Amino acid sequence: MKATINSFCAVTVASLFAMAAYAQNTSAPSTSTPSTSTPSTSTPSIVGSYQCQRIDSSNTTTSYPLAIKSNGSIYTLEWENSAGFPALYGVGLMHPSMNNVLGAKFFDPKDSSIFGVEVFNLKPDGSLSANWAVQSTNQVGSETCTRSS
Amino acid sequence: MNTIHKITLAAALGMIGLLACTASIAGAPDISGTYKCSGVDSGSPSNPNFNESIVIKKNGDVFNIQAIHSGDLVPYDLGTAVFNKDVNNAFAYVYWGVKDNSTFGIELMTIKPDGSFDGVYLDSSETKPSTETCTKSS
C-alpha cells in the first residue's frame with residue numbers, strides 16, 4: 001500500500017513536471033500546503049496588539065482584542081471582552097529553534113475550571129493563526145488575528 | 001494524442017495526485033506512545049536534572065498526556081496537547097498537577113526528524129523556562 005502511494009506520488013510529481021514543461025510556464029511554483037515550520041530571520045516579532053476572531057468547536061465566533069507582551073523569553077497574553085475587561089489570560093513560550101511558533105496556556109480569570117492550550121503560528125505578514133483546546137474537551141477551536149499595532 | 005490532450009491529461013493526473021499526497025501529509029502526526037525524557041529544571045538549581053516518562057494518547061483532536069516520575073507507577077502531572085494545523089513539527093501542552101494543584105504549566109515541544117522531542121516549558125512557580133528532551137520508547 002505504501003509502495004502504491006509512493007508510486008502515485010511519483011506519478012504526481014512527474015505529471016506536474018510534465019505539465020510545467022508543456023506549458024513552459026516560467027512562474028515560480030506555489031506552495032499551498034506548508035506543514036513544517038522552520039526558523040526564519042525575517043519573521044516579525046509576535047509582540048503587539050491584535051484583533052482576533054476566535055472560533056470554538058461548535059463554530060461559534062467571538063471577536064477579541066489580544067495583546068501579547070514579552071518579558072524576556074516569556075510571553076503574556078491578554079484577551080479582552082467587549083467591555084474591555086480581561087476575558088482570558090495566557091502565558092506562552094517560543095522554542096529557541098522556531099521563532100514563528102508560540103505555545104501558550106490560557107485561563108479564564110473568573111472561572112478556574114476553564115483553562116487550555118493554544119499554538120500560534122506567526123505568519124510573515126505579521127498575522128496569527130492558531131488552534132486551541134480547553135483542557136476538558138477533545139476538540140480544537142481556531143483563532144485568526146490581524147495586527148492592530 | 002495532441003499536445004493539448006497531453007497537457008490536459010498531465011494536469012488531471014497532477015491534480016488528483018496532488019490531492020492524494022496532500023491528504024496523506026495533512027493534519028497532525030500521531031505522536032501517541034511512551035517517551036523517556038530527561039531535562040534540566042530551572043526552578044530547582046540545587047538538583048536541576050530529572051528523568052521522567054510521558055505517555056501520550058490521542059483523544060479526538062487533542063492528545064492526552066501523563067507525566068510519570070522514574071520509578072513511579074502513577075502520573076504526577078496530566079496534560080492536554082494540541083497542534084497548529086499549519087505546523088506539524090511542534091505541539092504545545094498545558095499540564096497540571098494530579099495531587100499538587102499549584103502546578104500549572106505550559107510546554108512547547110519541537111519534533112525532530114527522528115521523532116524525538118526537544119522542548120521548553122514553564123511552570124507557574126518559575127520565572128525562567130526549563131528544557132527537556134524526549135525519545136520514544138514504545
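**Exercise 1.** Which pattern does chain B follow when read along the sequence?

*Solution.* The model is a predicted one, in which local features need pLDDT of at least 70, side-chain atom pairs count only at pLDDT 80 or more, and totals for chains, interfaces and linings use all residues. Residues are numbered from 1 along each chain as its sequence is written, while chains are lettered from A and ligands numbered from 1 in the order in which they are written. Helices (H or I, at least four residues) and strands (E, at least two) are DSSP runs, numbered from the N terminus. On that basis chain B contains 1 helix and 8 strands, and the pattern along its sequence is α-β-β-β-β-β-β-β-β.

**Exercise 2.** State what share of the residues in chain B is buried.

*Solution.* A residue is buried if 20 or more other C-beta atoms, placed from the backbone, lie within 10 Å of its own. Of the 138 residues in chain B, 32% are buried; for chain A, with 149 residues, the share is 32%.

**Exercise 3.** How do the strands of chain A pair in the closed barrel?

*Solution.* Two strands pair if DSSP finds at least two bridges between them. The closed barrel of chain A has 8 strands in the order β1-β2-β3-β4-β5-β6-β7-β8, with antiparallel pairing. Within chain A, strand β1 (residues 48–55) and strand β2 (residues 61–71) pair in the antiparallel sense over 8 bridges, and Ser49(A) stands opposite Ala67(A) in β2(A).

Methods: A residue is buried if 20 or more other C-beta atoms lie within 10 Å of its own, exposed if 12 or fewer, and partly exposed in between; C-beta atoms are placed from the backbone.
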